Structure formats: structure tokens, C-alpha cells
Amino acid sequence: MGSCGSTANTRAARVPGAAPVDGEAPVVRSAGAPSVWAEKPVTYEELRARREEFWSTRVTNNEAMWNVMRLASEALLEGDSATATAIVEAAGLRSPNGSLSLAYDERGAEYRVPEYCYMKPKNMISSVGTHIPKKIPSNVPSKALTVRVRVVGHPKDYPLEVKDTDEILQVKEALSVLISENPHEASSVVELPAKRMRMIYSGKVLKNGTDLRGSGVKHNTVLQIFPLPEGSA
């Protein structure tokens, strides 16, 4: 089974289960190697809308597998091929050509993703204006939340008591302590530092600079953690 390169911005990510071609594993290029797939120059806003339209209209096969493909695609766009591979490996997806363009789940269902969802075009152009996300006023009282954190490779979830104003990095740090205090025999991970955690909620990667409230995290929901390889942080 192939693996991703350690330098995500210069090497490509291979989808597990791909068949070698001429003795070499097929690869899918990361965002560090843009492709000229667009018929004409596109703006970031146009590209984002096109991607969102694709993901929001996936109604066949397994919804969870589509979420996996989206997460892997977003990881590649960030140049993180190691995490992209970890995501598809954990889901048991296989590709005959080593690309996110075509993959099959364990039941043989087919999933096709267009290049524009996981690659950046060379002919992207700047657009006028910049979108500034709305900030929730700081005087809004915080709310207590109970969340469950599901870590890939661990047999059970971790419960956490948090506030909706807690930042993502704070939640990761609290989880890191909880993991070290409650090692699972079935897991090879005894310690997992916050810097090696990629946190996912509702199909989106949660950034360290944001808080739970701004990320839309609700009470009694599940956060997912994909551990990053050593040295990738």
C-alpha cells in the first residue's frame, strides 16, 4: 500500500489501494502542484461556489464516504497530503488509479471527484473585494457544551465539557490531556499532542484561531480527530 510524501507541498498524495503503473505508484497532486483544468480563468469565489455546488449535490451511495472524499480533497488543497492519505485509509477507500478522481468503498460503490475539488488551477485570477467573515460580539454570554470527540484509531469517544467560547486549540489541548490520562489498550496512540490533531466538524476542518461558537459546534455533537503523522505539524 502506498503512502504520502513527508513534504506535502512538493510531493504528491497517493490514495491507498492503487495499482502501480510501470513500477511506480499513481499519485494525486497536492495543491502545491496546480493544474490547468479550468477552461478559462476563474476567481476564487467562482471556484469556491463550484466546489460547494458539487459537494452539496452528492446524493448517491454513502453520505459518510462523500464526507471522507471532501475532507481528503480539502487536505490536499492545503498541501497536507499525509492527512489526505490518513483520511482515506481510515475509511477503507480504494482507487484503481491512485487518485481522488475515482475511488470505491468496501462495498464497491463508486465515488468520482472532479479535479477542481482537490487541485488549484494555474489560471486563477484575483477578484475585486474580499469576504470578511462576521464576528459574533464578545459581549454575548458563553454557553456550556458537552461534546464527544472521536479519534481515529481509538475504540471509544472522549467526552469533554467545554464552553462555546473556547478556542479550537484549547479543546485540542484538553483532549490531549484526557488521552494521556486514559490510554486505550486497543490504540497505538498513548500521547497525542494538540499540534498533531486535525479537528473536523460537520465536514469542515476547524482552525486553531476560531472558537466553537464561531465554528457552529452545538451541544451533544461529535467532533472528529485525525492524528497527523510525527513531524508533520
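**Strands, helices and aromatic contacts in a predicted model**

Tyr 158 is placed in strand S6, which covers residues 158–163. With a relative accessible area of 3%, Tyr 158 is buried, and its C-alpha atom is separated by 9.7 Å from that of Leu 223, a residue 65 positions away along the chain. A second pair of residues separated in sequence is formed by Val 140 and Thr 165, which are 25 residues apart along the chain and 9.5 Å apart in space, C-alpha to C-alpha. Val 140 belongs to the loop between strand S4 (124–125) and strand S5 (144–151), and its relative accessibility of 35% makes it count as partly exposed.

These positions can be set within the chain as a whole. The protein chain contains four helices and nine strands, and, read along the sequence, these elements follow the pattern β-α-α-α-β-β-β-β-β-α-β-β-β. Of the 233 residues in the protein chain, 43% are buried. When contacts between residues at least 6 apart in sequence are considered, 65% of them join residues that are at least 24 apart.

Helices H1 and H2 form a contact with each other. The axes of helix H1 (residues 44–56) and helix H2 come within 11 Å and cross at roughly 160°, and the two helices are therefore roughly antiparallel to each other. On the side of H1 the contact is made by Arg 51, Glu 52, Phe 54 and Trp 55, while H2 contributes Trp 66, Met 69, Arg 70, Ser 73 and Leu 77. Sorted by class, the contact of H1 with H2 consists of five nonpolar, one polar and three charged residues.

Aromatic rings also feature in this region. In general, a pair of aromatic rings is described by the distance of the centres and the angle of the planes. The count of such pairs comes to three. One of them joins Phe 54 and Trp 55, whose rings are edge-to-face, with 5.0 Å from centre to centre and 75° between the planes; both of these residues are buried. Another is formed by Phe 54 and Trp 66, whose ring centres are 6.1 Å apart and whose planes stand at 80°, so that this pair, too, is edge-to-face. Since Phe 54 lies in helix H1 and Trp 66 in helix H2, the pair ties together parts that are 12 residues apart in sequence, and both Phe 54 and Trp 66 are buried. Together with Tyr 111, the residues Phe 54, Trp 55 and Trp 66 form one aromatic cluster.

Charged side chains are found over aromatic rings as well. The charged end of Arg 58 sits over the ring of Trp 66, at 5.7 Å from its centre, and Arg 50 lies over the face of Tyr 116, at 4.2 Å from the ring centre.

Helix H3, which comprises residues 81–91, is mostly covered, with eight of its 11 residues buried. The buried residues are Ser 81, Ala 82, Thr 83, Ala 84, Thr 85, Ile 87, Val 88 and Ala 91. The elements that cover them include helix H2 (63–77), strand S7 (197–201) and strand S9 (221–227). Just after H3, Gly 92 takes a positive phi of about 75°.

Positive phi values are also found in residues other than glycine. Asn 61, which is not a glycine, has a positive phi of about 60°; Asn 61 is placed in the loop between H1 and H2, and at 45% relative accessibility it counts as partly exposed. For Asn 220, likewise a residue other than glycine, phi is positive and near 60°. Asn 220 lies in the loop between strand S8 (204–205) and S9, and with a relative accessibility of 55% Asn 220 counts as exposed.

Terms used:
Residues are numbered from 1 along each chain as its sequence is written. This is a predicted model: local features need pLDDT of at least 70, side-chain atom pairs count only at pLDDT 80 or more; totals for chains, interfaces and linings use all residues. Side-chain values use heavy atoms; hydrogens and water are left out. Buried means under 20% relative accessible area, exposed over 50%, partly exposed in between (1.4 Å probe, protein chains only). Contact means heavy atoms within 4.5 Å. Axes are lines fitted to C-alpha atoms, for helices over the stretch in contact, and angles run from 0 to 180 degrees between N-to-C directions. Angles under 35 degrees count as roughly parallel, over 145 as roughly antiparallel, 65 to 115 as roughly perpendicular and the rest as oblique. Ala, Val, Leu, Ile, Met, Phe, Trp, Tyr, Cys and Pro count as nonpolar, Asp, Glu, Lys and Arg as charged, and the others, Gly among them, as polar. Rings of Phe, Tyr and Trp (its six-membered ring) pair if their centres lie within 6.5 Å; planes under 30 degrees apart count as stacked, over 60 as edge-to-face and the rest as tilted. A charge sits over a ring if NZ of Lys or CZ of Arg is within 6 Å of the ring centre and within 35 degrees of the ring normal.
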